[in-house]
Amino acid sequence: KYNMRGLALWNGRLILLGNTNPNVKLFHGEFYEVDIESGEISSLCPYTRSIRSYVTGDCAYGEPRLCKTDAERLYFISSIDNEAWLMALGADGRVSPVLRHEGAVCDFDICGGELLFTALWDNRPLECYRASLADAAATAERLSDFHGALLADRYVAEPQPHSFEFDGWRIDGWALLPKDYDSEKRYPAILDIHGGPNACYSTAYCHEMQVWAGRGFFVLFCNPVGSEGRGDEFMNIHGHFGERDYECVMKFTDEMLAKYPQIDASRLCVTGGSYGGFMTNWIVTHTDRFAAAATQRSIANWVSAILLCDNGWYNMPLQMCADVYTGADKLWEQSPLKYIENAKTPTLVLHSDCDYSVPVEEGLQFYSALQAKGVETRMVIFKGENHELSRSGSPRQRLRRLREITAWLEGHI
């Protein structure tokens, strides 16, 4: 009955953090109190946002704590719009922000009336901070400077925001301008699509995007319908992958081409991982507007994915609103592999051989189909790595991955 994120002891009370939605990919949070004697569960505080950060990137480390309590409040991180804030549940059953800032709070601890935390703030890689709990927003200060010397003589692009309306929603996106940007010149661009789809991009520093901007690309990224941070209604595209989300991403691309006429539309590239890899596959089988693509840890065939992925049997039928027994036709209809005849875009396929979230067979299917179709393609399999390669893989393999993507895209523009 309960989709449980975790438990917390708070002043002798047992608090359950979770919700009653069976679909783990629609995870707004709620707080419940468990009667320790009877085991009965009662609602303490409904909450319409997530209980954790879904801000995606490649510069956060470790597993963040779920929550921490003191005598007054229960603290937790929550994704709000395009950011990850520190929030608190009070004894009165109300949730309020403790610390909000562009970017993402990544982990935290409470000690002696002080808040100690790590964050991706101010377009910097991960740093350590502290603040007084009495007034965290006014007293927050950075304690570390792990990356200052490294970045001092390097170009660090500032995310340029852009919002537009799609299907009644405000869609937020950004562009990183290329190094030595000159408005009189023309540049290639990379559209980078996040995974999930229940994740979100923000202004948080992202290493791979900065590398591409430093090498002369515009880098474009947004939070299309299906992304986290805006509640379940915005996030729920289940059973409709490749429909409104695809239209939204394409409209964002058109918006950015109109805003930045310096982008050379003939040198557009696209990449993404996991759901972003699925969307990359969907894009190259539905349009030839991109000069090159790099698809990472991607789903090509929902029929096989639902049988092979480690969460396929219990989660994917809820995401796809279909299973192989009663809805195989629907699964195939939403599989990029069905539309491989349309593919023309030179495509790099990246996968890890120990990826159980999206097994390597998915990448192999897409690669083989592209080869059979005569589309220029290359596949790179990372030995011993898993679904987290781009975020927590070994440094050597992460560098190889980034070099492979960059070389492929640069070689086709």
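Strand S3 (residues 30–34) and strand S4 run antiparallel and are joined by five bridges. Helices (H or I, at least four residues) and strands (E, at least two) are DSSP runs, numbered from the N terminus, and two strands pair if DSSP finds at least two bridges between them. Within this pairing, Phe31 stands opposite Cys45 in S4.

Before going further, note that this is a predicted model, where local features need pLDDT of at least 70 and side-chain atom pairs count only at pLDDT 80 or more, while totals for chains, interfaces and linings use all residues. Residues are numbered from 1 along each chain as its sequence is written, and side-chain values use heavy atoms, with hydrogens and water left out.

Now back to the strands. S3 and S4 belong to an open sheet of four strands, ordered S1-S2-S3-S4 with antiparallel pairing. S1 and S4 (41–46) are the edge strands, each pairing on one side only. From one strand to the next, the twist averages 30 degrees; for such angles, axes are lines fitted to C-alpha atoms, for helices over the stretch in contact, and angles run from 0 to 180 degrees between N-to-C directions.

Next, the backbone. Most residues other than glycine have a negative phi, and most peptide bonds are trans. Asn11, in the loop between strand S1 (3–10) and strand S2 (13–19), has a positive phi of about 55 degrees although it is not a glycine. Asp180 also has a positive phi of about 55 degrees, and is found in the loop between strand S14 (169–176) and S15. Are these two residues buried or exposed? Asn11 is exposed because its relative accessibility is 53%, and Asp180 is exposed at 63%; buried means under 20% relative accessible area, exposed over 50%, and partly exposed in between (1.4 Å probe, protein chains only). The peptide bond from Gly196 to Pro197 is cis, with omega near 0 degrees. Pro197 lies in the loop between strand S15 (187–193) and helix H3 (207–214).

How many salt bridges does a search of the whole structure find? The search finds 23, a salt bridge being a side-chain nitrogen of Lys or Arg within 4 Å of a carboxyl oxygen of Asp or Glu. Side chains of opposite charge can pair when their charged atoms come close. Here are some examples:

| Salt bridge | Closest N to O | Relative accessible area |
| Arg267 and Asp264 | 3.0 Å | Arg267 23%; Asp264 15% |
| Lys338 and Glu333 | 2.6 Å | Lys338 33%; Glu333 40% |

Salt bridges that share partners also join Arg49, Asp81, Arg170, Asp172 and Arg230 into one network. In the table, Asp264 counts as buried, whereas Arg267 is partly exposed.

What about the cysteines? The structure holds zero disulfides (pairs of cysteine sulfur atoms within 2.5 Å). Cys111 is in no disulfide, and the nearest cysteine sulfur, that of Cys128, is 14 Å away. Cys111 is partly exposed, with a relative accessible area of 48%. Cys248 counts as buried, at 0% relative accessibility.
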